[in-house]
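This report turns to side-chain contacts and to the accessibility of the residues that take part in them. Please keep the sequence and the structure in view while reading.

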Amino acid sequence: MSRFLAGTLSAISGIVILGSLVVAGVLFNDINSLYFDVMDDMHEFKLLADDAWNKMITVQQNAPGNNLEDLFRRGKRQAGGSCNCGPQPSNCPAGPAGKKFGKNCFQEKSD
């Protein structure tokens, strides 16, 4: 009886091990196919992103005023030098005197 029990349990263990190997193979195959699907999608995304980038660069290069001179040129002031400020007060007290360094250079006093 113990021989029969040992043989039966060995057979069941063998079947479980073979089943586990089959399941591991199926999982490996599923993970591999998922990997290749993701890589295909990434390639397609890269093509779309590169195409969009090239279109943005083309549009930017054709935009008016898109050169270094226009970018760094100082804007001209309007005639009259007026601003959108309110009326300036005329009765302000004089500020604190500072140290004189040269012709018209002053430094505020530090306490």
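Is Tyr 35 buried, partly exposed or exposed? In this predicted model, Tyr 35 is partly exposed, its relative accessible area being 46%, a value that lies between the 20% and 50% cut-offs.

**Aromatic contact**

The count of aromatic pairs comes to 1. The pair consists of Tyr 35 and Phe 36, whose ring centres lie 5.4 Å apart and whose planes stand at 70°, so the arrangement is edge-to-face. The angle decides the class here, because planes over 60 degrees apart count as edge-to-face.

**Salt bridges**

| Lysine | Aspartate | Closest N and O atoms |
|---|---|---|
| Lys 46 | Asp 50 | 3.1 Å |
| Lys 55 | Asp 51 | 3.6 Å |

Lys 46 and Asp 50 both belong to helix 1, which covers residues 2-61, and they are 4 residues apart, or about one turn of the helix. For Lys 55 and Asp 51, the spacing is 4 residues within helix 1, so about one helical turn separates them.

As for accessibility, Asp 50, the partner of Lys 46, is partly exposed with a relative accessible area of 35%. In the salt bridge between Lys 55 and Asp 51, Lys 55 counts as exposed at 52% relative accessibility, whereas Asp 51 is partly exposed at 39% relative accessible area. Lys 55 is placed in the exposed class because that class takes values over 50%.

Notes:
Residues are numbered from 1 along each chain as its sequence is written. This is a predicted model: local features need pLDDT of at least 70, side-chain atom pairs count only at pLDDT 80 or more; totals for chains, interfaces and linings use all residues. Side-chain values use heavy atoms; hydrogens and water are left out. Rings of Phe, Tyr and Trp (its six-membered ring) pair if their centres lie within 6.5 Å; planes under 30 degrees apart count as stacked, over 60 as edge-to-face and the rest as tilted. Buried means under 20% relative accessible area, exposed over 50%, partly exposed in between (1.4 Å probe, protein chains only). A salt bridge is a side-chain nitrogen of Lys or Arg within 4 Å of a carboxyl oxygen of Asp or Glu. Helices (H or I, at least four residues) and strands (E, at least two) are DSSP runs, numbered from the N terminus.
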